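Q: I'd like to learn how to read a few features off a model like this one. Can we go through them one at a time?

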Amino acid sequence: MKFTLAWLRDHLDTEATLNEIAETLTDLGLEVEEISNPADKLQGFTIGKVLTADKHPDADKLKVCQVLTDEGEKQIICGAPNAREGITVVIASPGTYVPGIDTTIGVGKIRGVESFGMMCSEREMELSDEHEGIIELPSGEVGQAFTDWLAQNDPAKVDPVIEIAITPNRPDALGVRGIARDLAARGLGTMKPTQTFEIKGDSPCPIGVTIDDDTRENGCELFAGRLIRGVQNGPSPQWLQDRLRAIGLRPISALVDVTNFFTFDRNRPLHVFDADKVQGNLRVHRAQGGEVMTGLDEKEYTFDAGQVVISDDNGIESVAGIMGGLATGCTGETVNVFLEAAVWDRVQIAMTGRALKINSDARYRNERGIDPAFNMEAIELATQMILDLCGGSATEVTTAGAVPDLARAYRLDPARVQSLVGMDIPADTQRATLEALGFRLEGDMAWVPSWRPDVQGEADLVEEVARIASLTRLEGKPMPRARMGVPRPILSDMQKREQAARRTTAALGYNECVSYSFIDRGAARLFGGGDEATMLENPISSEMSHMRPDLLPGLLQAAARNQARGHSDMALFEVGPAFHGGEPGEQHLQVAGLLVGRTGPRDVHGADRVVDLFDAKADAEAVLSALGAPSKTQIMRDGPDWWHPGRHGVVRLGPKKQLAVFGELHPRVLAALDVKGPAVAFTVWPTEIPQARRKATTRPALELRDLQAVERDFAFVVDRDVEALALVNAAAGADKGLIDSVHVFDEFVGDSLGEGKKSIALTVRLQPTEKTLKEADIEAVGAKVIEKVQNATGGVLRG
C-alpha cells in the first residue's frame, strides 16, 4: 500500500515529521517497507540567475552564460535554446549528482571554454519528461535550495511516498483514511471530517440492475449504480495525476482516475461503464462456462462455470469485482457513464481471480474485504467528484440486493488487558482508544465498525487497545515462583535424554539433520509403513504423502542428495518422532545415525577405510551409555528386513525389550533410495531404556573390585550354520552375578572336527564380589556355561 505524505494529511491534521509517522506506523503493525523521498536526490541543487548569455566562440548552438549562484558569479556553458539573460534557473554545481543523466558534475572545458556547473532541465532532474529547455522559475532567491522552492511552489514534486505492508486481517488499512485513523488513535494528530453528499437525481436510472437468486448468497450482496449524462472525459486535474503517479499508477482519464483515487483513498473499488455501449440492463450472475470476454488489459478470459460476472443483453461485460471489459470501457469520447459500486463475496473474488490469473487493485481489496456500509456513501462521493471534474447530470441510484448486516458487539473487560497482554491501561483510556478507532460503546459492550472484519471476539478488543497503546511499553517481569526455594527442574527425564542423545551423537562427529515428518509411499513401505493409517488426507505433494515410520528414510534421502552433489563421505543423525499409526500418541522417539562412505579422507598412510557395522555398533553403544542404558545387554539378529540379514544386531535387555539396532542397511533399500554404499546405521529408542533407580544429581561412588578376576577358556564344536553370537549369549546367561564378560577369541574349521562342523573358542571372565573363588566355584560356573551352550546351540565341549 503506497500513499504520499500530503495525501495522508488530507485526512490527518498533524505536525508530526515523516520519521515520526514512519516509526509510529511500524509500531502500530503497519510495517513501513520503504520511504521514497524525491527531495533526497535534489539536495544539491540551488537557484541561480543568468546575468549574461553570449554566443560561444566556437559553437553556434552553445552559449557562454555568467550565472549568479550561492558561491558567487560562475561561468556555465549551456546548449538549451531558452538560455538567456535574466531568467531564474536551477544550478548543479561541481560535485552535484544529476540523477536524470547518472552523472556527477565536474569542472570541464567545452570547445575550449571552461564550464563550472550545469543549468538543468526537468528530465535531467527526473521531475518530468520535459527536456526542450532548461527550467525557468517564476520566482526564487539566488542560493535558495531548490527543494525548498519546490516545497513552497510545487509540493507534489517533493512529496514523500510511504509504502507499508498490509497483513490480510487489516483491509481497512488499504485506504489512506484507515491509516490516518490508526495514527489519530495513537495521538499523532486528529482526523479531519469528511465531506458528505446526497445527490438527488434528475430522473430514474434508465439502466436497471438485477442479481440472480443463486448469486445473492455467495456472490454479490449489493449492486448499486447510476447514470451520469453529458460528461466531458478529458485529462484529470494535475493534483490527481500527481497523486496517482506518485504511487505508481498511470493517469488515464478523469473518469478512470476518479475510480482509482477512491480505491486508494477510501479502500473502495468502483467501476465505470460507457453507458452508450451497454445494451439493455445489467445482470449479475454466474457464468455457465466457456464464455469469453476481452478485459481492459486487452487479454481474453475464458470463464469457468460458477464464476460471478456482470452482463448486459450482448453478453459478459465485466469480471465482477476484479476487472471491467474492453467493450464497455470508458474512452475520451465517452459522454454518458454508468458508475457502479457493489459488495462482493470475498471467497468468490479470490477463487475467480486465481483461476483467471488476474491481479488488480480491485481484486486485492475486494477479496480482503471492503466496508459494505460505505457502499452507498461512496457512490455519492464519486458522483460528486465526477460532476466537479467532468460536468454532467446524474440520475437516481438504482440498486439490487441490500447492505449486509454485519453488526456485532463484544464485551469490553478492562481487566483482560492485564491478563492477556500484561499491560496496565486505565479503563477510560481503553474506551477512548476503541472510540477513536470507530467502535461504538454502549455500557461495557463495544460495537464493531463495519470496516473491521478482523475483530471477531473479546480478545480482538484487547489486541486493539494494546496495539494503540504500543506493545513497546511492555516491561519484562520475572514469572512468580510457585514455591519458595530452589525451583524444580523444568525438563522431564525424556527431554534430558533427548538432549543428551543430541550432544553425544554430535560429539561423535555426526551432523544433525532436521527432515520433514512426511515421506513418499515408496520410501515408507521400505521401512514397514506406507499404510492407510499413516497417509495424509491432504498432502502438499506426492513426495510427502505418508507419516514416516522411521528416521532412516529421511537420512538416506539427505545422503542421496549430498552424493549427487559430490559429497561421498558423511555422518548424519536425527532425533525426532517416528509414527506407527495415525492417531494421537501413536508415535515413538528415535535417535538415528547414518554413516556413508569411508571413515576419513584418503592419506598416504592408508588410515582410512570403508565404514562397517562395528562403527555403527560403537556409536550406538556410546549413545546408549550416555542415556543410562545398562551395560549388560544381549545382541540378537532378528531385526526388521531393511537391515542386512547377516550384518546387523539388535540390542536387547530381554526377549521383548529392544533398546537399539545397528548394522549395514539392506542393498535393496540403498538401491531404492539411490544411495551408493557402503552405508551403516543405528537406531536407538530412548523411551525403552529403563529409568535409573537412583536419581541423585551426583555421580555414584566408584566401585573397585578388590578380588582377583578369573578367566576360563572354552572351545565348543557346533554346526557351521550356528552363529557365534548364540554361544556368547548363552554363556553370558549361565551366571549373571559372576560372569563379567564373554568374547570370542578363535574359530577353527577343519575336517578333523567332522563334516559341517566348526570350533568356536570363548573366554569367560568371572569377577567375584564377595569372596575369592575357589576351584569348586569355578568348576560349577564352568559346568553351567557348558550346559547353557549345549542347550542353546547343540554344541559339545571340544576335547
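Q: Let's begin with accessibility: is Asp608 buried or exposed?

A: Keep in mind that we're looking at a predicted model. The cut-off for buried is under 20% relative accessible area. Asp608 has a relative accessible area of 12%, so it counts as buried.

Q: Which residue forms a salt bridge with Asp608?

A: Here you look for a side-chain nitrogen of Lys or Arg within 4 Å of a carboxyl oxygen of Asp or Glu. For Asp608 the partner is Arg598, and their closest N and O atoms are 2.5 Å apart. Both residues sit in the loop between β34 (587–596) and α17 (613–626), so the bridge ties together parts that are ten residues apart in sequence. Arg598 is partly exposed, at 30% relative accessibility.

Q: How many salt bridges are there by this rule?

A: The count comes to 40. Some join up: Arg170, Asp172, Asp182, Arg452, Asp454, Glu464 and Arg467 form a network of salt bridges.

Q: What does the salt bridge between Glu664 and Arg647 link?

A: For a pair like this, check where each partner sits. The N to O distance for Glu664 and Arg647 is 3.4 Å. This pair links distant parts of the chain, with Glu664 in strand β37 (residues 658–665) and Arg647 in strand β36, 17 residues apart. Glu664 is buried, at 19% relative accessible area, while Arg647 is partly exposed, at 40%.

Q: Where do Glu723 and Arg637 lie?

A: Their closest N and O atoms are 3.4 Å apart, and they form a salt bridge. This one also links distant parts of the chain: Glu723 is in the loop between β39 (710–719) and α19 (724–732), Arg637 is in the loop between β35 and β36, and 86 residues separate them. Glu723 is partly exposed, with 35% relative accessible area, and Arg637 is partly exposed too, at 37%.

Q: On to helix packing. At what angle do α7 and α10 pack?

A: You want the angle, the axis distance and the handedness. Helix α7 (residues 254–265) and helix α10 (residues 375–390) pack at about 145°, their axes 10 Å apart. The crossing of α7 past α10 is right-handed. On the α7 side, the residues in contact are Ala254, Leu255, Val258, Phe261 and Phe262; they meet Leu381, Ala382, Met385, Ile386, Leu389 and Cys390 in α10.

Q: And which residues make the nonpolar surface patch of about 190 Å²?

A: That patch is made by Leu51, Leu68 and Val142. Val142 is in the loop between β12 (118–119) and α3 (146–153), and is partly exposed at 35% relative accessible area.

Key. Residues are numbered from 1 along each chain as its sequence is written. This is a predicted model: local features need pLDDT of at least 70, side-chain atom pairs count only at pLDDT 80 or more; totals for chains, interfaces and linings use all residues. Side-chain values use heavy atoms; hydrogens and water are left out. Patches are made of residues with over 30% relative accessible area and no salt bridge: like charges are joined within 9 Å, nonpolar side chains (Val, Leu, Ile, Met, Phe, Trp, Tyr) within 5 Å. Accessible areas come from the Shrake-Rupley method with a 1.4 Å probe; for residues, only the protein chains shown count as cover. Helices (H or I, at least four residues) and strands (E, at least two) are DSSP runs, numbered from the N terminus. Buried means under 20% relative accessible area, exposed over 50%, partly exposed in between (1.4 Å probe, protein chains only). Axes are lines fitted to C-alpha atoms, for helices over the stretch in contact, and angles run from 0 to 180 degrees between N-to-C directions. A crossing is left-handed if the near helix is turned anticlockwise from the far one by less than a right angle, and right-handed if clockwise. Contact means heavy atoms within 4.5 Å.
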